[in-house]
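Me: Could we go through this structure together, one question at a time?

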Amino acid sequence: MVVLLTGGTGFIGSHTAVELVQAGHEVVLIDNYVNSHPDVADRVGHIVGRPVTSLQIDLLDRAGLEAVFAQHRIDGVIHFAGLKAVGESVARPLAYYHNNLTATINLLEAMTAAGVKKLVFSSSATVYRADNPVPYREDYPVGATNPYGWTKVMIEQILRDLVAAEPDWSVMLLRYFNPIGAHPSGVIGEDPNGIPNNLVPFVAQVAAGRLPRVRVFGDDYDTPDGTGVRDYIHVMDLALGHRLALERLDRPGVETYNLGTGAGSSVRQVVAAYQRACGRELPTVVAPRRAGDLPSVYADPSKAAAGLGFRARRGLDEMCADSWRWQCRADGWTVD
Ligand code: UFG
């Protein structure tokens with residue numbers, strides 16, 4: 001297939017591009033580079049051994065988007081692009097709703113005009129309402145606690161409504177748990193702007209000496225060691241999940257799948273794994289709980305196993321080792 005990846009130079013987009021090309025697909029990456037760099041496409045090309053098509057397109061630019069569909073024979077789209085910082089979304093709700101929703105509607109209209117009706121959408125475990133018990137199942141009720149999360153809930157609904165009205169669409173909603181790690185080459189990885197919000201990018205920068213210490217947001221949760229538990233999934237496993245979903249877009253309708261491992265790890269377990277990866281103790285302090293955090297979030301991965309044949313196989317140590325290799329390369333250090 002020729003696959004258009006919106007947000008194609010972002011963290012998950014770039015790793016999925018590698019997975020798709022290595023499985024024999026062709027990719028067209030588009031991105032506005034608000035939260036990524038154009039040279040990521042060169043790095044993807046370096047890994048796969050040939051150049052990949054990459055264009056600077058903002059999804060809010062309808063004409064630019066339509067030109068992409070006019071110039072490339074796109075078979076399907078994976079829609080990663082979107083603003084994704086929870087705290088920023090609370091401070092700038094209109095920017096989040098405008099950017100994430102308008103961009104998606106523009107994309108769907110451009111796809112309709114071009115006769116492309118196969119879509120994989122980047123959703124999130126954040127769509128599960130906080131009162132659901134773990135592990136999260138796809139049939140649980142949805143809701144959100146911040147504008148970022150609501151944009152995911154709303155886009156899922158827009159896509160369900162679209163499929164109801166136009167049954168020849170084929171849509172996969174993929175709800176990611178906590179993607180971490182990097183390509184094992186260390187050539188691509190997560191590259192957050194400013195001080196990272198998420199645990200593993202933050203720990204990586206402590207390990208690199210760029211930040212002084214890891215803050216553990218609460219150690220009095222009702223979890224085995226008192227710290228927050230999440231379902232961390234290696235970004236290359238997540239990339240595989242996208243390819244499997246894409247390759248099953250041959251039936252009309254909409255399907256929803258969790259992409260997680262099904263296993264939870266605590267903040268302390270993540271820090272311990274990272275210490276093993278980087279080979280030293282990391283300074284750690286306990287800080288107050290972060291507003292809005294849940295004690296424990298992990299997936300029931302059985303539907304994706306049955307429906308997509310998807311199973312995450314990389315463990316926490318491999319995730320941290322690959323994250324650390326990327327961090328060292330990004331800082332210009334020699335590793336291995
Ligand atoms: N944590 C720390 N210290 C930090 C950062 C995080 O202790 O510096 C803890 C959090 O309290 C939480 C765990 O590490 O227990 C994971 O936090 P992340 O910020 O890495 O991930 P979240 O689970 O909070 O966020 C993820 C996605 C969001 C999504 C959210 C809700 O990154 O996009 O899940 O599902 F909105």
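**Helices and strands, step by step**

Me: At what angle do helix H1 and helix H2 pack, and how far apart are their axes?
Reply: Keep in mind that this is a predicted model. Two packed helices are described by the angle between their axes and the distance between the axes. Here helix H1 (residues 11–22) and helix H2 (residues 39–48) pack at about 30°, and their axes are 10 Å apart.

Me: Is the crossing of H1 and H2 left-handed or right-handed?
Reply: The rule looks at how the near helix is turned from the far one: anticlockwise by less than a right angle is left-handed, clockwise is right-handed. For H1 and H2, the crossing is right-handed.

Me: Which residues meet where H1 touches H2, and how many of them are nonpolar, polar and charged?
Reply: From H1 come Ser14, Ala17, Val18, Val21 and Gln22, and they meet Val40, Val44, Ile47 and Val48 of H2. Sorting the residues of this contact gives seven nonpolar, two polar and no charged.

Me: Where around helix H3 do its buried residues lie?
Reply: In H3 (residues 62–71), the buried residues are Gly64, Leu65, Val68 and Phe69. They cover an arc of only 140° around the axis, so they lie on the same side of H3.

Me: Which exposed residues sit on the face of H3 turned away from its buried side?
Reply: Let's look at both sides of this helix. The buried residues pack against strand E1 (2–6), strand E2 (26–31), strand E3 (53–56), strand E4 (76–79) and helix H5 (93–114). The face turned away from the buried side carries Ala63, Ala70 and Gln71.

Me: How many residues of strand E6 are buried?
Reply: In a regular strand the side chains alternate between the two faces of the sheet. In E6, Ser170, Met172, Leu174 and Tyr176 point one way, while Val171, Leu173 and Arg175 point the other way, and all are buried. For E6 (residues 170–176), that makes seven of its seven residues.

Me: Which residue in E6 is the bridge partner of Leu119?
Reply: Strand E5 (residues 118–124) pairs with E6 in the parallel sense, over seven bridges. The partner of Leu119 in E6 is Val171.

Note on methods:
Residues numbered from 1 in each chain as written. Predicted model: local features only at pLDDT ≥ 70, side-chain atom pairs only at ≥ 80, totals over all residues. Heavy atoms only, no water. Axes fitted to C-alpha atoms, helices over the stretch in contact; angles between N-to-C directions. Helix = DSSP H or I, 4+ residues; strand = E, 2+ residues; numbered from the N terminus. Contact = heavy atoms within 4.5 Å. Nonpolar A, V, L, I, M, F, W, Y, C, P; charged D, E, K, R; others polar. Buried < 20%, exposed > 50% of the residue type's maximum accessible area, 1.4 Å probe, protein only. Arc of directions from axis to C-beta. Pairing = 2+ DSSP bridges.
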